[in-house]
Amino acid sequence: PFDVLIVGGGPAGAAAAIYAARKGIRTGVVSERFGGQVLDTLAIENFISVKATDGPKLAAGLEEHVREYDVDIMDLQRAEALLPQAAGSLTEIRLASGATLRSKTVILATGARWREMNVPGEKEYRGHGVAYCPHCDGPLFKGKRVAVIGGGNSGVEAAIDLAGIVGHVTLLEFEATLRADAVLQKKLFSLGNVEVITEALSTQVSGDGEKVDGLLYTDRASGEKRRIDLAGIFVQIGLLPNSEWLKGTLELSPRGEIEIDARCATSLPGVFAAGDVTTVPYKQIVVAMGEGTKAALTAFDHLIRSEPC
Ligand code: FAD
């Protein structure tokens with residue numbers, strides 16, 4: 001059995017693997033796609049101490065660093081179930097392949113995915129005008145016109161944030177009213193370069209073949225089809241944690257995030273969690289790496305305090 005088995009090979013899982021392996025304990029990483037969301041990212045300009053890099057380069061760097069150590073990497077494997085340990089026994093992770101892995105401690109780092117609008121042009125222009133992370137990509141649209149899709153807290157926060165960087169923000173909400181907290185709405189409506197359109201159903205991302213040049217939507221009240229010329233579209237309709245397979249086994253928040261404490265412990269003994277799949281605020285690469293580190297050190301602390309099994 002493993003001492004530490006990490007599920008997920010994104011920034012959180014990679015950091016956890018390196019910290020665990022450096023303790024000289026038996027470490028494994030099982031991942032569907034080593035690199036995680038980073039593989040889908042173009043420009044990365046907030047990976048502190050590296051002025052600019054891109055996703056594939058950072059993902060290759062993660063793997064190269066993990067492979068420096070004696071870590072058993074099991075890539076292209078999906079975990080399907082976690083079977084909690086009975087007192088003193090091992091936690092089991094069942095894979096889609098049918099295999100079962102056993103470990104004294106488990107770190108869950110399965111990340112998250114952005115909910116998409118699912119309209120024509122969205123996938124094609126992802127990274128070429130269609131963006132999901134204002135902290136990451138806001139500065140790329142300095143002085144330009146952008147839209148934010150979604151009038152919940154994350155959409156309204158994104159619009160306020162972007163209004164300070166870009167030329168103009170149009171926020172589109174499907175319902176007749178915004179769902180964001182009143183204090184955020186008040187701030188939003190106080191800004192001079194923001195327009196809010198409600199009852200808007202986004203129907204298509206338009207582009208010139210290389211990058212986004214507009215957004216088509218239907219005014220649900222009148223049925224009229226409209227177009228906005230713009231350079232960027234920030235989709236803010238939800239971040240979905242990859243935790244469906246854990247439902248019923250440990251405590252999840254109402255949004256499905258794994259509940260963790262300040263040391264990355266979950267509600268199950270010997271099971272820790274890190275990164276975007278957890279309740280940690282701010283889903284960013286450097287945050288995920290820090291969380292993976294914390295989870296590995298907490299798992300090690302758990303091992304040295306446990307009875308040998
Ligand atoms: P992830 O990167 O999501 O990795 C999860 C891992 O778990 C993957 O290996 C996945 O294959 C695996 N996995 C999932 N389910 C299972 C399962 N059931 N069994 C086995 N393995 C599983 N952040 C920044 O700081 N700067 C940026 O510029 C930036 N730009 C971004 C641009 C885009 C388009 C996206 C999508 C995100 C961006 N982010 C950026 C956010 C950043 O990528 C995430 O915060 C970070 O990758 C989270 O790391 P993680 O390890 O928690 O999860």
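Trainee: How do the residues of the shell around the ligand divide into nonpolar, polar and charged?

Mentor: This is a predicted model. The shell around the ligand holds 38 residues. They divide into 18 nonpolar, 14 polar and 6 charged.

Trainee: Which residues around the ligand come nearest, and which elements give two or more residues to the shell?

Mentor: The nearest of the 38 residues are Gly8, Gly10, Gly36, Gly111 and Gly275. As for elements, those that give two or more residues to this shell are helix 1 (11-21), strand 2 (27-31), strand 9 (112-114) and helix 6 (285-305).

Trainee: Why is strand 12 largely enclosed by the rest of the structure?

Mentor: Strand 12 covers residues 168-172. A residue counts as buried if 20 or more other C-beta atoms lie within 10 Å of its own. Strand 12 is largely enclosed because 4 of its 5 residues are buried.

Trainee: What is the handedness of the β-α-β crossover from strand 11 to strand 12?

Mentor: The chain leaves strand 11, passes through helix 4 (residues 153-163) and reaches strand 12. This crossover is right-handed.

Trainee: In strand 13, which residue is the bridge partner of Val169?

Mentor: Strand 13 (residues 194-197) pairs with strand 12 in the parallel sense over 4 bridges. In strand 13, the partner of Val169 is Val194.

Trainee: Through which helix does the chain cross from strand 12 to strand 13?

Mentor: This β-α-β crossover is right-handed. The path from strand 12 to strand 13 goes through helix 5 (residues 182-189).

Methods. Residues are numbered from 1 along each chain as its sequence is written. This is a predicted model: local features need pLDDT of at least 70, side-chain atom pairs count only at pLDDT 80 or more; totals for chains, interfaces and linings use all residues. A residue is near a molecule or strand if its C-beta atom, placed from the backbone, lies within 6 Å of it. Ala, Val, Leu, Ile, Met, Phe, Trp, Tyr, Cys and Pro count as nonpolar, Asp, Glu, Lys and Arg as charged, and the others, Gly among them, as polar. A residue is buried if 20 or more other C-beta atoms lie within 10 Å of its own, exposed if 12 or fewer, and partly exposed in between; C-beta atoms are placed from the backbone. A crossover is right-handed if, with the strands pointing away from the viewer, the path from the first strand over the helix to the second runs clockwise. Two strands pair if DSSP finds at least two bridges between them.
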